[in-house]
Structure formats: C-alpha cells, structure tokens
Amino acid sequence: MNILLCSAEVTPFAKAGGLADMAASLSKDLAKLGHNVMLIMPKYGDIDTNAFKLENTGHTIGVPMGTWMEYCGLWRATLPGSKVTTYFIQSAEYFDREGIYGNPDGFGDNDRRYIFFSRAVFEIAKVLDFSPDIIHAHDYHTALTMPFLKIHYKSDPHFFKTAGVYTIHNMAFHGMFEPQQNMFLCGFGEFFNGSWFEYQGAMNFMKAGILFADKITTVSPTYAQEIRFTSAGEGLQSELNQRGPDVIGVLNGVDYSEWNPERDKLLPITYSKMYLGGKKENKRRYLAEHGVHEGELMQDLPMLGIVARLTDQKGIDLLEKTIEGFIQNGIIRFTMLGTGSKQYESYFQYLAAKYSTRSFVHIGYNNTISHRLIASCDFLLVPSKFEPCGLTQLYALKYGTIPIVRHTGGLADTIQEYDPASGKGNGIVFHQYSPEDFAGAIRRAVLLYNTQPHWNQIIQNAFGCDYSAKKCAERYTEVYAWALEKI
Ligand code: ADP
Ligand code: GLC
C-alpha cells in the first residue's frame, strides 16, 4: 500500500512525547512489511539539519488558505534506521521557530499552523505524484486532513481511492479554536453551528477528525473503551459512540532497534537477561555519577525512577504525596527526568537538595539520560491518572526494569501484577488514584526486591515480554484494509 503518514512529531527529528516515537516506529515497520511509506512533518526551527542530513528538494508548494495561496518549501531526509523518506514542510511564518507547540500554553497561532500543515500534505502528495491508499493522521494537529480529504480532495484523481485513518494519542488535547476565521481558512463554508466541526461554540479539530475519518484508532484496547464509556472521552463520548464499530484500539509498539540493552550505544555498558551484572554496573555508575560513593553503595537500596512530561496526567501529585517518606526513611533511592509544570519541577529540586545521596533529579529533556535512567533503575514509576498507551513502561520491561503502574489505559493492557504463587506477572499494579494505593504498591515493590527467587523471576518475566512495533504495524495493515473497504 501507499501510506502517507503525517505527524507533528517524529523521533529523532522533533519529539515532545510518545507520539514522536510511535510515528517513527510505525513508519519503519510498515516499510519493513513492504509498504511504501511517505512521512510528512513540519520543519521546526530547532531540527538539526546537518546532523540528520536534511536536503532541500527545491520544490515550492502552493497551499490554499482561505481565498488565497500560501507557499512552503519542501525538504527531505531518510528516517534513521530505515529507508523511509521523511518530508519537512518549511515555512518561515509557521514553523521556523524554537519548539514544537510552544510552552507552556502553546503558540497563539497553533490553529493556523496546523491547518496549513494539514492542507499542505495533499499539495505535497500531488507535486510528488504520490497517490496514497491511506492518509494516516495523528492527534489534533493533523486531524483536519480527514475533512480536507472528504470535502476538498475526494474528486481529485490523486485521492480517488484514498481512505483516511485517524489515530488519537491523547483525548485531553482536542485542538479547540475560534471558528469563524478557521472555518474560512479551511474553506469549509458558512455552515458551522451544529456541524461536525462545532463543539460548544468552538471549532474542534479532533471532533472533525473522528467524524470524517474512515477508521479511528487509539493507542490501546483499554483506552478505546475508556474514551467511549467514561469521562476519559473528555466530552466526545457521543461522537466516538456514533462511530462505534469504526473505533479500534491498537496497542503501540516499541522500536527495539532504539530500545534494547544488548545494543544500546547510550549506555555505559550493554547487558542482557543472561548478563544481569551489566545492569547492576549501569546502576553503580549512575549512582557514582550522582556522587554516591562506594561506602554508601554497600547499602543495597532499590532505585525507583520516572521519565515523564511533568503534567497532571502523569500522576506527579501522587508522587508528591508519597515518595518523600520512603526516601527519608532510607527505604529507596529515587531518580527522575522530566520537564513541565514549574510547581512539579521545584518539588523535585527540593527532594534533590534535601536528600542528595538518595534522590537524583534531572529537569529538562535528555534522550541519553532517559536510556541510562531506565537501564539503571530497579523500578520505573508510571502512576498516571490516565494513560492512552504509555511507552516508558514498555521500554522498562525490555531493560529488566520493573514497572509500577496504575491500572488505566495502555498500562492495564501491558502490565500484570506479579503473583508469587504462580510466578507470573511483569510488574506492580495499583488501582485507585490515591496516595495510599500508590504507597502500597511501592511497599510491595520493596518487598519483592528483597525476596528471592521472586525478584529474579519477575525480571526474567519482564525480559520475556514482546511489544514490538512489528506487531503494531501488522495490526495497522489490517485497519488500513478495513478503511479501504469503506471507500
Ligand atoms: P507521553 O507521550 O504521554 O509523554 P509516553 O510514555 O507515550 O508518554 O512517551 C513519552 C516518551 O517521551 C518516552 O519516549 C520518554 O522516554 C520520553 N520522554 C519524556 N520526558 C522526557 C525527558 N524529559 N527527556 C527525555 N525523554 C523524555
Ligand atoms: C500520548 C499518550 C501516551 C502514548 C503516546 C503515544 O502522548 O499520552 O500514553 O503512549 O501518546 O501514542
């Protein structure tokens, strides 16, 4: 199949979270399955053109906006570790600035930036003479490709046989904007109130994506249910239920060429399930780098870590209410890598300052540290309030690091509580979103760490899990076929 995949983030070019990893790993594995994949993203100002060998195609693309044309340049590079060509939309006005979305509140022109991106996708396909079987869009940023396909391009020979697949990574971000100007920029006509674009008086990009797509997917089977039947749908439950049979949960996969302790070039030492001494050595070095001396290392404490955007979604308030007691009492070591809310950042800085030999904090975004932290920890914390899929728990499993997760969304689909009676299970799971339940999970984790043969058993169980992107790509191939049946 010819698959045109468009995403606001793609690893390693530009990444804010898991969307970037998923867009890259899915593209790579679709290509490995024999599909012809074209990947399109914006050329943000801080993409390293030299490091990724971006080249200018020389094309200038005209993009209809309202009643006029705007123009963008087109660059190209190969997605590292694959043969997939990635195209980059160059626009001084919309993308040539620092950052992806603009933190903390988003750029004021994100509506216009992503309308332009979504419309440009079609014009690029035409200029490159690429006739897609599938346009696969992700999250609110590219949701408008779905109505553009059905309204503006359905009679264009390039898109006669094109189906639209829309993947929701996070219902919390609808993309709600002022309607009048945006409907005009999109050329969607006068009819707005009560239309498929309208939600509480605003133009809602995600709602339009859901209603115009041929198939809608989200990133885990449990989240697919949660968004239809609980408040996780963030107010779009009835639209999702209207599309009922077309809403499919497909679990994300991991790019094991990036995340594999046996070949990970970012680790001081590689290791495998057969060589756990290597994992211990990573931990020793991590601690030494953080000033923990040999004498203190005699005290064998489990290290619990977290890598996350510091937002309410990730359960950071639970950590705030829970973790200090364990650190204070010398029961665990704690480490984190993240950036986001200033309140959460200063809480972690407080922990680092107060418990300098047991609490290690990195505020910021750093890919190397994320790999080292996940390899060095004994447990990875994912206490999310909600979690559409979650990738860090899947990376942790591959590194023999045991996830401690709340039973929600993709965490519920991937992590099962270890059962000492049967020796089955790959993690520690708590259910209520409460400090008490979370603290109970940490206590169970510490006990397990100190109890053989169960500790070795759960680590082997973790290593035995397979959440490869290949499976995910195979499932999407089926979804694409179902979408094409609707054309
Ligand atoms: P989400 O997409 O909601 O942020 P995921 O678990 O799906 O959650 O994906 C998060 C991705 O972002 C993972 O690859 C994780 O390692 C990475 N990540 C998050 N915060 C940081 C950070 N501060 N530095 C490096 N990588 C990070
Ligand atoms: C979103 C979700 C996360 C998911 C990621 C990739 O950012 O918050 O749970 O893993 O997208 O699909």
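**Entry 1: the hairpins**

I started with β3 and β4, which form a hairpin with 2 residues between them; Gly66 in the turn has a positive phi of about 60°. A note on names: helices (H or I, at least four residues) and strands (E, at least two) are DSSP runs, numbered from the N terminus. Before going on I checked the ground rules: this is a predicted model, where local features need pLDDT of at least 70, side-chain atom pairs count only at pLDDT 80 or more, and totals for chains, interfaces and linings use all residues. Residues are numbered from 1 along each chain as its sequence is written, chains are lettered from A and ligands numbered from 1 in the order in which they are written, and side-chain values use heavy atoms, with hydrogens and water left out.

How do β3 and β4 run? They are antiparallel, joined by 8 bridges, and β4 covers residues 68–78. (Two strands pair if DSSP finds at least two bridges between them.) I found Gly62 opposite Tyr71 in β4, and Asn56 opposite Trp75 in β4.

Next I followed β4 to β5 (residues 85–90): they pair in the antiparallel sense over 6 bridges. Thr78 has Thr85 in β5 as its bridge partner. This hairpin has 6 residues between the strands, and Gly81 takes a positive phi near 80° there.

**Entry 2**

Which order do the strands take? I read β3-β4-β5-β2-β1-β6-β7-β11-β12, an open sheet of 9 strands with mixed pairing. Its edge strands are β3 (55–65) and β12 (247–249), each pairing on one side only. From one strand to the next, the twist averages 25°.

Helix α7 (residues 221–229) packs on it, touching β11 (215–218) and β12, where contact means heavy atoms within 4.5 Å. The direction of α7 makes about 140° with that of β12. Axes here are lines fitted to C-alpha atoms, for helices over the stretch in contact, and angles run from 0 to 180 degrees between N-to-C directions. Helix α18 (residues 469–485) lies across β1, β6, β7, β11 and β12, running at about 135° to β7.

**Entry 3: ligand 1**

What comes nearest to ligand 1? Of the 20 residues around it, I noted Gly18, Asp21, Arg309, Lys314 and Gly364; a residue is near if one of its heavy atoms lies within 4 Å. For polar contacts (N or O pairs within 3.5 Å), I got an oxygen atom of ligand 1 at 2.6 Å from a polar backbone atom of Gly18. A polar side-chain atom of Lys314 lies 2.8 Å from an oxygen atom of ligand 1. β13 gives the largest share of the shell, 3 residues.

**Entry 4: ligand 2**

Ligand 2 has 13 residues around it, and the closest are His169, Asn252, Glu387, Cys389 and Gly390. An oxygen atom of ligand 2 is 2.7 Å from an N or O atom in the side chain of Asn252. I also found ligand 2 oxygen contacts to polar backbone atoms, at 3.0 Å for Cys389 and at 2.8 Å for Gly390. The protein covers 93% of the 310 Å² of accessible area that ligand 2 has on its own (Shrake-Rupley method, 1.4 Å probe).

Terms used. Polar contact = N/O pair within 3.5 Å; in protein donor to acceptor, adjacent residues only side chain to side chain.
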